[in-house]
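Please open the model in the viewer and display it as a cartoon. The tour begins with the whole chain and ends at individual residues.

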Amino acid sequence: MPEAASSDDETSDEPDQATESVHPLLEIQEIDTETEQLQHRRATLPLRRDLAATQSQQRELQREIDTVGLQRIEVLTRQKRLEDEAAIIQARADKDDNRLYSGEITAIRDLQALQDEIAGLRSRQGVLEERAIEALMEAEELSGQAEALEEQQAAAGERVTVLEAELAAARAAIDKQLATLVTTRTEVAGRIEASAVADYERLRETFGPSTAVAFDPSSGCGCPQQMPAIEVARIKRCAEGAVQNCAECGRLVLR
Ligand SMILES: [Zn+2]
C-alpha cells in the first residue's frame, strides 16, 4: 500500500516542471525573506507588551501593598503606645484613688488637690484611649485596603501566568515554522552550487529581499539603471539556470 502511495507521488511530481523552472536561488531568497519576517514577528509579538504591562502593574501593586503594610505597622505601634500610656495613667489615677480613700490625707485642701489631679488623670486617660481606638480603626481600614490590593495582585499574577503560556505557545509555533524553513532551505541549497549561495548571501546584505532577480529579456534585472542592450544580449546567451551579476547594479541575474 505505501508503494501505491509513493508511485502516486511520483506521477503527481511529473507536471511539477513548472515549479522546477523557479530558480533555486529565488526559492532561497523567498525562504530568507519569510524567515526574517517570522523572526521580526517573534521579536515583536503584541503579547510581549501585554505581559510587560501586567508585570509592571504587578510591581506597582506590590509597592502599594508594601506601603500600606508599613503604614499599618506604624498605626498599630502608635495604638500600642497610646494604650500603654493610658494604662500607666490609669494606674496612677487608681493609686491616687486609693490614697484618697485611705484616710492618710486629711487636710481638705490636700484632698481637693488630689481629687483635681485624679480628674485630670482620668480625663487624660480617656483622651488616650479614644486616640488608641481611632488608631485601631485606622489599622483596620488599612487591612481592608491591603486585602483589596492583594486580590488585585493575585488577579495580575494569574494574568501573567496565562500571558506567559500564550507567549510561549506563540513563540513555539513560530519556531516550528522557522525550523521547517531551515529544512527546506537546506534541501533547495543542495540543488545549486555552494558558491552561488555564498554570493547570494553576501549580496543580500546590500540588496535584501531583491538580491536575486529572474532575467527578463526586456528589462534585464529591473535595476534602477536600465540594463544595456549588450549586457542583456550577453546574459541571454547564458545557459538556463546560470547565475550572472548585473553589470549595472550588482544584483544576481538568474537565467
Ligand atoms: Zn541590475
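Colour the chain by burial: 12% of the 255 residues of the protein count as buried, meaning that 20 or more other C-beta atoms, placed from the backbone, lie within 10 Å of the residue's own. The model is predicted; local features need pLDDT of at least 70, side-chain atom pairs count only at pLDDT 80 or more, and totals for chains, interfaces and linings use all residues. Residues are numbered from 1 along each chain as its sequence is written.

Next, colour by secondary structure. The protein has seven helices and three strands, in the sequence pattern α-α-α-α-α-α-β-α-β-β; helices (H or I, at least four residues) and strands (E, at least two) are DSSP runs, numbered from the N terminus. The radius of gyration, taken over C-alpha atoms, is 43 Å, well over the 18 Å that the globule rule gives for 255 residues, so the protein is more spread out than a compact globule. That rule is 2.2 Å times the number of residues to the power 0.38. Along its principal axes, the C-alpha trace spans about 135 × 55 × 25 Å.

Now select the three strands, which form an open sheet of mixed pairing in the order 1-3-2; two strands pair if DSSP finds at least two bridges between them. Strand 1 (212-214) and strand 2 (243-245) are at the edges with a single partner strand each, so one side of each has no neighbour in the sheet.

Finally, select residues 252-254, strand 3, which pairs with strand 1 in the parallel sense over three bridges. Here Val 213 stands opposite Val 253.
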